[in-house]
Structures are given as structure tokens and as C-alpha cells.
Amino acid sequence: MTLRLGAYTACLHDRPLAEALRVLQDNGLTSVEVNTGGFIPSPHCHVDLLLSSEQARADYLGEFSSRGMELTGLNCNGNPLNPHPRVGPKHSDDLRRTIELAGALGVRNIVTMSGTPGSDPDARYPSWVVNPWDGVYLDVLDYQWEVASAFWTEIDALARAHDVRVAIEMHPHNLVFSPVTLRRLVDLVGATNLGAEMDPSHLMWQGMDVVECIRWLGPLVFHAAAKDAAITPGVDIRGVLDTSFARVPAEAEGKVPTGIGFWCATWPENPAWRFVAVGLGHDVDYWTEFLRALADVDPDMAVNIEHEDASLDRLDGLATAAGNLRQAAAKL
């Protein structure tokens, strides 16, 4: 067995699935991850149709197998614990439907985020506690972990019933944003089908040792993203917890949704860190050790590029990431 290298097709959302798969093929990639809901639309996976038709599922899987490719993950990143009535309920429903679809398709892994509740039962918006040195924030965390425990106990049981695994991306602004909080959730609910999606980029800018994170989590690492990050000069005055973002007008073209009526803000001109193509923040040797640590956990793990380097054209960025990832794999 060998690691399966591929990409998450969200960066190719403006192309039909067949064309997106050709792009991946041209870059020597065979593993594919598609979006099924949550923050962004799902142009490469028509969830309603696939849930309703066995023939549609067979035809869909044939799109991959006919090209020598494999659908290794369904991505439903969102905030299912968001107390806002236009966000949390939709994202949680998307996740449940994704679990059902993954079971029907025989796709083993689903990628999502833990979500973040509000600070209390009357909150309208999510509240991420960064450092609870003031004891009041421990009260907030106690409430949030209660909310998370009830929701993720249900999701773990649903995943178990459909024989799939939910791989949680450890993403800041979520209750689970580190290996320690990931393990806390798993232990809290006694989970059998919850684990980690190892996206190193978010751990990098938080200052973590990614390889050590993989070793510490061990078999709780189900799935992986190949995504790089670089610390930039703005960190000197901003640190990595910076709020100097600006609003994007509602009428702006190309804005990135985060929920109904909400979208991503604009980064500061000199940020503390930014996402870069694989190999541009950390060299090929680094990525070889990343892959080696993953292979020690599961030599058949899927490692899918998530391209978010805004300084590069999407095709060029994906090609750069794929070339460096393949080079790193060749050195194993």
C-alpha cells in the first residue's frame, strides 16, 4: 500500500467535474475530495440526486474509476454548532446528509469542523475562547463543551451506523483547533468514528510541531490535507492572533460564503501569516517527513491538496503544490 495523493476540488469550483478531474490527472494526482455542503456550494457533488438514486451513485463513482481515480473524501466544512438560525441548522443538516451519502457511496472519510457554539444559551453568534485566563471564560467553555458533547455524540452514532469516519479539521475559531482539543472531544463522547483531518497549515501558524502532532494523535488521524502556510513579516507587530480584517461589501463579486448572509473578510495588507502552495512555506524535505509520519499511522492514507494561495493562479498553484508533493513522496 502507498499514500494516495490528490486534491480537494473546491479550487476548481468553476469547472465541471470532468474538467476538474482532468486537471488533477494532468498533475499526476489520483485521489479526489469534493465538497458536499457547509460553508460553500457543492458543484462537483449533487447530494440530493445521489441520495435518491442508486444508478446516479454508480454513474458518479464511474466518473472517477474510469479515469483511474478514487473519491477518497467528502468535505462538509462548516459550523454545525453556530447558534445563528441561518447557519448552524443548515450546516448540521448538511453534515448528516453527507454522512448518509458517504455510506451509500462507500466513501470512508468525511471532512468537517467541530463548530463553535455561542457563549451561552441566549447567544446569537458563535464565540471562540482563545485564552481563558479570566475564569468567566471557563464557564463559557463548560457550556460550549456541553453543546458539543450532545451534538457529536449523535454524529458519532450516525457515522457508526453508516460505517464512515468523520475527520475533524483542527481549525482556529472552532472548539476543536488543536490535537489536545481534538482528543478532548473524542474522549468526551467516547467516540468510535470521530478523528482528525490533519491539515498542517492551521497548526503551522499556531506554532505547533506538525509531525509531533501526528505522532501524538496516532490512529486518530484519519485523513490529511496538503496545505502550506508561511509566517510573514507582519507577525512582528501583529502576532498570530490578529483582528485587523476588513469587511467585504455585499455586492462584491467572488466573495467567499461562510453561511447564509455571511462571507469571508479581507485580510490586512501585511498579515502575520498566509496560506501558500505546498513547498513554498516549508521545503520538500519538511513535506517528506510530514508524509512519513502519516504513512506510519496509515500507509494507505489519502493526502489531498487544498489550494488557497491567493498569490498564484489556481492552476499554477495546484501544479506547484502537486509537483512538490510528488517530489516529497518520492523521497520516502
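Is aspartate 163 buried or exposed in this predicted model? At 55% relative accessibility, aspartate 163 counts as exposed, because the cut-off for that class is over 50%. The residue is found in the loop between α5 and β5. Its phi is positive, about 55 degrees, although aspartate 163 is not a glycine. Histidine 173 likewise has a positive phi, of about 75 degrees, and is not a glycine either. Histidine 173 lies in the loop between β5 and α6 and, at 44% relative accessibility, counts as partly exposed.

**Aromatic pairs**

A search of the whole structure finds 10 aromatic pairs. In one of them, the ring centres of tryptophan 128 and phenylalanine 177 are 5.4 Å apart and the planes stand at 85 degrees, so the pair is edge-to-face. This pair links distant parts of the chain, 49 residues apart. Tryptophan 128 sits in the loop between β4 (109–112) and α5, and phenylalanine 177 in the loop between β5 (165–169) and α6 (179–189). Tryptophan 128 is partly exposed, at 23% relative accessibility, while phenylalanine 177 counts as buried at 18%.

Tryptophan 205 and tryptophan 273 form an aromatic pair that is stacked, with 4.2 Å centre to centre and 10 degrees between the planes. Tryptophan 205 belongs to helix α7 (residues 200–205) and tryptophan 273 to strand β11 (residues 273–276), so the pair ties together parts that are 68 residues apart in sequence. Both partners fall in the buried class: tryptophan 205 has a relative accessible area of 8%, and tryptophan 273 stands at 10%. The two tryptophans also belong to a cluster in which ring pairs link Trp205, Phe245, Trp267, Trp273 and Phe275.

| Residue | Relative accessibility | Class |
|---|---|---|
| Tryptophan 128 | 23% | partly exposed |
| Phenylalanine 177 | 18% | buried |
| Tryptophan 205 | 8% | buried |
| Tryptophan 273 | 10% | buried |

In soluble globular proteins, nonpolar side chains tend to be buried together. Here the largest nonpolar core has 85 residues, and those with the most contacts inside it are Trp152, Met198, Phe290 and Leu294. Helix α5 (residues 136–161) supplies the largest share of this core, 8 residues.

Which residues are in contact with phenylalanine 290, leaving aside its neighbours within four places in sequence? They are Met198, Pro200, Val210, Val211, Ile214, Ala224, Ala225 and Val303. Among them, Met198 is also one of the residues with the most contacts inside the core.

The whole structure holds 1 cavity of 30 Å³ or more. About 40 Å³ of space lies in the largest cavity. Its lining is made up of Ala226, Lys227, Val276, Ala277, Val278, Ile305, Glu306, His307, Glu308, Asp309 and Ala321. By residue type, the lining divides into 6 nonpolar, 1 polar and 4 charged.

**An exposed loop residue**

Glutamate 269 is found in the loop between β10 (262–263) and β11. With a relative accessible area of 84%, glutamate 269 is exposed. From C-alpha to C-alpha, glutamate 269 and proline 41 are 28 Å apart in space, and they are 228 residues apart in sequence.

Terms used
Residues numbered from 1 in each chain as written. Predicted model: local features only at pLDDT ≥ 70, side-chain atom pairs only at ≥ 80, totals over all residues. Heavy atoms only, no water. 1 Å grid on protein atoms, 1.4 Å probe; cavity = no way out; pocket = protein on both sides within 12 Å on 5 of 7 lines; lining within 4 Å. Points joined across faces, edges and corners; volume = space filled by probe spheres on them. Nonpolar A, V, L, I, M, F, W, Y, C, P; charged D, E, K, R; others polar. Core = buried A, V, L, I, M, F, W, Y, C linked by side-chain atoms within 4.5 Å. Buried < 20%, exposed > 50% of the residue type's maximum accessible area, 1.4 Å probe, protein only. Helix = DSSP H or I, 4+ residues; strand = E, 2+ residues; numbered from the N terminus. Contact = heavy atoms within 4.5 Å. Phe/Tyr/Trp six-rings, centres within 6.5 Å; stacked < 30°, edge-to-face > 60°.
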